[in-house]
Amino acid sequence: MMQMILEVFSWVNKAQYLLLTSIYELESKVFDVLKAKFSFPVYAMGQIVPNFDFGENTNHNDNNYLHWLDCQPRSSVLYISMGSFHSVSTAQMDEIAFGLRDSGVRFFWVARDETNRLKELCSHIGLVVPWCNQLRVLSHSSVGGFLSHCGWSSTREGMLCGLPFLTFPIVFDQILNSKLIVEDWKIGSRVKQDMGMDNLVTRVEISRLVQKFMNLENDEVKEIRTRASEFQQIFVNVQLQKEDHLKPASMPSSRTFHIAWLLSRT
């Protein structure tokens, strides 16, 4: 995998232009450096917002997990996803499960291959599923936080929805994304302080972190949530500007209404 990544980087000098799935307002220094280094254009593509209804679920038969979310209090659910390609060890997964159980916090966990086992460990207060429409879940009013591996797509989607993060990076760019979230943008907290693969974060630590993170009255967490909302507004403003530039003046965009709904949930 690392060899493939390095090979891709070696191709950049042969490009005619560079498209990045980010926005200038988020990473201005990066864009400035790239534009100074390369002779070809560097473009910020921004967040691509899917064309579907972000509103609360009305078809409970098709999506039982959305029905479950509909029944939870506002901002009370911690959404958890550790990515598709790499995951933590079984021992660490168990510590996360027991920590969630002991925290008493509602959670929605996408666990893919380990769904059944994790259900047995901790599903009495939360929901464990093998798959979900992530952006739709993140945009649900009952979701109040995101425990993430910090993949770039997940990071952008969480920010678009105005959510604070608990970061648990595993490999590659996830570690840098975690640093950006916690240290630069200040919209989250780290779960794992030591990035050594063999160092377990215990259930006691996880329970304590989750309880604090999902406490809407905690002053430190309030500040993180406020900043997350501010970054959401940056994403939304860029998206609206892009749509205004592309569409005819007399034609409203359906995504504009989706974005307005996203803002209404915060």
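The largest pocket lies between domain 1 (11-44) and domain 2 (64-226), because both give residues to its lining; the domain bounds come from an automatic or database domain assignment. A pocket here is an open set of points on a 1 Å grid over the protein atoms alone, where a 1.4 Å probe fits and with protein on both sides within 12 Å along at least five of seven lines, and its lining residues have an atom within 4 Å of a point. The model is a predicted one, in which local features need pLDDT of at least 70 and side-chain atom pairs count only at pLDDT 80 or more, while totals for chains, interfaces and linings use all residues. Residues are numbered from 1 along each chain as its sequence is written, and side-chain values use heavy atoms, with hydrogens and water left out.

As for space, the largest pocket holds about 1,400 Å³, a volume being what is filled by probe spheres set on grid points that are joined across faces, edges and corners. Of its 40 lining residues, T21, G151, W152, D173 and N177 sit closest to the centre. Helices (H or I, at least four residues) and strands (E, at least two) are DSSP runs, numbered from the N terminus. Sorted by class, the lining comes out as 23 nonpolar, 13 polar and four charged residues; Ala, Val, Leu, Ile, Met, Phe, Trp, Tyr, Cys and Pro count as nonpolar, Asp, Glu, Lys and Arg as charged, and the others, Gly among them, as polar.

Next, the backbone. Most residues other than glycine have a negative phi. C150, however, has a positive phi near 70°, and K186 has a positive one of about 55°. C150 is in the loop between β6 (143-148) and α7 (152-160), and K186 is in the loop between α8 (173-184) and β8 (188-190). C150 counts as buried because its relative accessibility is 0%, whereas K186, at 44%, counts as partly exposed. Buried means under 20% relative accessible area, exposed over 50%, and partly exposed in between (1.4 Å probe, protein chains only).

Then there is D94, placed in helix α4 (residues 90-103). D94 is buried, with a relative accessible area of 18%. Neighbours within four places in sequence aside, D94 is in contact with R117 and L121, contact meaning heavy atoms within 4.5 Å. D94 and L121 are 27 residues apart along the chain, yet their C-alpha atoms are separated by 7.9 Å.
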